[in-house]
Amino acid sequence: MRKPIAVTAVIILGLLPVQASAAVKAGSTCSKAGVTTNIGDFKFTCIKSGKKLLWSSGVKKTGIPSPSPSPSVSATPSPSATPSATPSATATPEKTFASLWEKYGLTKSADSVINAATDNFKNYTSTVRSSQEVKVVAQPGVDQQLATWVQGGATFVAQHFTYPKMSRTFVDVIAIDATWLQDTYAKEGYSADQVRDRLGGFNAGAPAFGGSYSNTWNFSAIQKSNAMVNDKAGMAQTPGHEFFHAIQEILAGRISNDAGSNVPNWFWEGPAMFIGEQAAGTLGYSDYVTVGRASMLNRYRNGDSINRTSTLSEIKANNRATDPYAIGFAGTEFLVSQVGVEKMLNVYTALGRGMNFSDAFKQGTSIELSDFYSMFEEVRGTLGFAKN
């Protein structure tokens, strides 16, 4: 009876490294910095990565030979052995990483983020991808500069992004009064429901608002705040911004709402701000860094404090307090600098297939949403959007 007991002990001891490695794995969480543990031939150390404690990549210990097969076990697999028992099936260990930055190969440098985001935008928009036409109808008395910006900016985004073909010419309307607006949309062949939808936004006083079939500017509201002078960057970016909203709706459907229950508003308004500012910079309306980006920094620093005390993941609503535009712009700039424009667009396509935001983000960008949030929170201060 002694021999079977010895065999059983060998089997149990052979299982111990497998159980330990399941508990300790490079990149998984640990509890105390500096703590070390040995798994087989490798030594793991608990390190601080950002605000998290993670196990480091294993370092092979010197002077310890690799375990050899037991003399009582044949090195040649029997004919009945399954494929998982063959040496080739277990020869390649899973690659592990010491931090999220190493895992995804992302960069923290502010200059690198800004430059890469701009380069990625310009590279993507260097190709004409659509023949979509944009028609601008402006009421007499509208500033011609605004009409020129709307025509150029909307057409640029319309023709340099990929999305399903529209069934008709896209119409941008710049109106001073509601009666002219209503008559113009009716003449352009829009339905009564669509006209009411446009009137609702106009009467609410929004300077500009978008949709999947038309964008509208309220020049009376723009004049009231003298926005063409006081907010040049904001007005110059609206053409690209509003047409990108049309692309979002075409790809994802009309899923956005003020509460951000389907998609957080930072990922609805932020990308539109980024696309609008980049398009304005590319077309020479306003410089991206010194005018456009600077306006986003100013909006963030002077807005409601809730936007500076919240994490990006908490910016879901779009209301008088929670403002997803500036911090959403920062999150989008960081995202595009790392994965490019096309992968960002893929998120909206996945949302249009019915995925929730977390799954759509992972499918589109290949980055876990929780990982993206963690990395952004670590770097946002260096980008000028510090949480405080």
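Predicted model: local features only at pLDDT ≥ 70, side-chain atom pairs only at ≥ 80, totals over all residues.

Visitor: OK, at what angle do H10 and H14 cross?

Guide: Roughly 145 degrees, with the axes coming within 13 Å. H10 covers residues 266–283 and H14 covers residues 341–352. The crossing is left-handed.

Visitor: Which residues in H10 and H14 meet there?

Guide: From H10 you have Phe 267, Trp 268, Pro 271 and Ile 275, and they meet Met 344, Val 347 and Tyr 348 of H14. That contact is made up of seven nonpolar residues, with no polar and no charged ones.

Visitor: Switching topic: how many salt bridges are there?

Guide: The count is nine. One of them pairs Asp 371 with Lys 103, with 3.6 Å between the closest N and O atoms.

Visitor: And what does the pair of Asp 371 and Lys 103 tie together?

Guide: Asp 371 sits in helix H16 (residues 369–379) and Lys 103 in helix H2 (residues 100–104), so the bridge links parts 268 residues apart in sequence.

Visitor: Is Asp 371 buried or exposed?

Guide: Buried, at 9% relative accessible area. Lys 103 is partly exposed at 40%.

Visitor: What does Asp 197 pair with?

Guide: Arg 198, with the closest N and O atoms 3.1 Å apart. Asp 197 is partly exposed at 29%, whereas Arg 198 is buried at 2%.

Visitor: How about Arg 380, buried or exposed?

Guide: Buried, with a relative accessible area of 1%. Arg 380 forms a salt bridge with Glu 377, and their closest N and O atoms are 2.9 Å apart.

Methods
Residues numbered from 1 in each chain as written. Heavy atoms only, no water. Axes fitted to C-alpha atoms, helices over the stretch in contact; angles between N-to-C directions. Helix = DSSP H or I, 4+ residues; strand = E, 2+ residues; numbered from the N terminus. Left-handed = near helix turned anticlockwise from the far one by under 90°. Contact = heavy atoms within 4.5 Å. Nonpolar A, V, L, I, M, F, W, Y, C, P; charged D, E, K, R; others polar. Salt bridge = Lys/Arg side-chain N within 4 Å of Asp/Glu carboxyl O. Buried < 20%, exposed > 50% of the residue type's maximum accessible area, 1.4 Å probe, protein only.
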